[in-house]
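Visitor: I have a model open on my screen and would like to learn how to read it. Can you walk me through it?

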Amino acid sequence: MSHPIKQIVLIETQPGRAEEQVQAFAWLAPQVRAEAGCLSYQLHRVSGQENSFVLTETWASAAALAAHDASEHMQDAAPWLASFRAGPARVLTLGELHPAPLTPPVSHRSPLPYLGAALLLGLMLVALMTGQWPAIQLCLAGFGMLALTRYILTTVKRRGSMPY
């Protein structure tokens, strides 16, 4: 599987000749962007530095980049580009980092609220099956108290007032 190739090209022009770089890009960009495998091709001027440019380009594959470098329009433009540049362009090929997936934090939740909820649910089912309506109301009140207690403890913990 081929990964896209991303490059940053650092360009310095001779003093007073920066517009020639802009014109060269305007002439080359449509041709380069039409090449097979060109995913992006953009020129940026470095803020506060009239003669400094950064060209960013992304290619679908190493083969597409090699074809670009060997293309007729790039070969024809090479002497023209060299005529106004302060030196050779510096090409930086970027390598993607693939960090290890983050492991979820270990949960330190107490199982007690879940056990309490399971116990109340069981009592409620027994009460429902035997027709004990006051017991069902008591269980529902217990669920409400569990929910309220959990909300209070979570809020206190979030604010940092409780070290549990």
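Guide: Let's go from the overall layout to the core, then to one residue and a pocket. Keep in mind that this is a predicted model.

Visitor: Fine. How many helices and strands are there in the protein chain, and in what order do the elements run from the N terminus?

Guide: Count the elements, then follow them along the chain. Here you'll find 5 helices and 4 strands, and from the N terminus they run β-α-β-β-α-α-β-α-α.

Visitor: What share of the contacts joins residues 24 or more positions apart?

Guide: For that, look at contacts with a separation of 6 or more: in this chain, 64% of them are between residues 24 or more positions apart.

Visitor: And how much of the chain is buried? What does its surface consist of?

Guide: Of the 164 residues, 24% count as buried. The accessible surface is about 11600 Å², and carbon and sulfur atoms account for 66% of that.

Visitor: Now the core. Which residues touch the most other members of the largest nonpolar core?

Guide: That core has 20 residues, and Val-32, Tyr-41 and Leu-55 are the ones touching the most other members. Strand 1 (5-12), helix 1 (18-33), strand 2 (38-45), strand 3 (52-59), helix 2 (62-70) and helix 3 (72-84) each put in at least two residues. Helix 1 gives the most, with 6.

Visitor: What is Val-32 in contact with?

Guide: Skip its neighbours within four places in sequence, and you get Cys-38, Tyr-41, Trp-59, His-68, His-73 and Met-74.

Visitor: Let me pick His-73 from that list. Is His-73 buried or exposed?

Guide: The cut-off for buried is under 20% relative accessible area. His-73, which is found in helix 3, has 15% relative accessibility, so it counts as buried.

Visitor: What does the side chain of His-73 make a polar contact with?

Guide: With the side chain of Glu-35, at 2.7 Å. Leaving out residues up to four places away in sequence, His-73 touches Trp-27, Leu-28, Gln-31, Val-32 and Glu-35.

Visitor: Last one: how do I read a pocket?

Guide: The idea is that rolling a probe the size of a water molecule over the atoms shows where empty space is left. Take the second largest pocket here, with about 370 Å³ of space. It is lined by 21 residues, and the closest to its centre are His-68, Asp-69, Met-74, Leu-81 and Arg-85.

Visitor: Which elements each supply at least two residues of that lining?

Guide: Strand 1, helix 1, strand 2, strand 3, helix 2 and helix 3.

Definitions and conventions
Residues numbered from 1 in each chain as written. Predicted model: local features only at pLDDT ≥ 70, side-chain atom pairs only at ≥ 80, totals over all residues. Heavy atoms only, no water. Buried < 20%, exposed > 50% of the residue type's maximum accessible area, 1.4 Å probe, protein only. Contact = heavy atoms within 4.5 Å. Areas by Shrake-Rupley, 256 points an atom, 1.4 Å probe, with all protein chains shown as cover. Core = buried A, V, L, I, M, F, W, Y, C linked by side-chain atoms within 4.5 Å. Polar contact = N/O pair within 3.5 Å; in protein donor to acceptor, adjacent residues only side chain to side chain. 1 Å grid on protein atoms, 1.4 Å probe; cavity = no way out; pocket = protein on both sides within 12 Å on 5 of 7 lines; lining within 4 Å. Points joined across faces, edges and corners; volume = space filled by probe spheres on them.
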